[in-house]
Amino acid sequence: MNSITVTVTLVVIIFGILLTTSSTHAQISGAIMNKETSGGSLKVILQPSPYPVGKGKQTNLKVTFDHNGSSSVQPHIDYDLIIIKEGKQVFQASALAGHPNQPLHTAEGVVTIPYTFQQPGAYSLNITAYGILFNPIRPEVAQFPINVT
């Protein structure tokens, strides 16, 4: 009888852990967005943190560039990130770096850019790739909607 009680207890504990892990993943996955670039060369993954995005709080915009059609990171990407609200540009990563309109470079294929949204509402986040593995490409864009509360 004791072995049945132990077995049932273990099953309940394991099920509880799996259920907790699944619900945690579901919350995190809501913040993960991915899109293919306009030319199809890359898959861009955007993870804003914290999520949901709130006005007046620093948001870390983690951008990962993957080989299109796979989940492996593409290193050495030349890129820029622009945030637009109501048709007006409110942020440009290259300008923050002191080189407006000159592509930035990520050797690892992953970059995190901090930004504080000043107003609630709908934003568009445009990530443009200008080069892959030190080779220029025709600019390709991935556009993401961001709702700020």
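Are Y115 and F117 buried or exposed?

Reply: Both Y115 and F117 are buried, where buried means under 20% relative accessible area, exposed over 50%, and partly exposed in between (1.4 Å probe, protein chains only). The model is predicted: local features need pLDDT of at least 70, side-chain atom pairs count only at pLDDT 80 or more, and totals for chains, interfaces and linings use all residues. Residues are numbered from 1 along each chain as its sequence is written, and side-chain values use heavy atoms, with hydrogens and water left out.

A search of the whole structure finds four aromatic pairs. Rings of Phe, Tyr and Trp (its six-membered ring) pair if their centres lie within 6.5 Å; planes under 30 degrees apart count as stacked, over 60 as edge-to-face and the rest as tilted. One of the pairs is Y115 with F117, edge-to-face, at 4.8 Å centre to centre and 90 degrees between the planes. F117 also forms an edge-to-face pair with Y123, at 4.8 Å centre to centre with 75 degrees between the planes. Y123, like F117, is buried. Ring pairs link F91, Y115, F117 and Y123 into a cluster.

Elsewhere, K35 lies over the face of F144, at 5.9 Å from the ring centre.

Definitions and conventions
A charge sits over a ring if NZ of Lys or CZ of Arg is within 6 Å of the ring centre and within 35 degrees of the ring normal.
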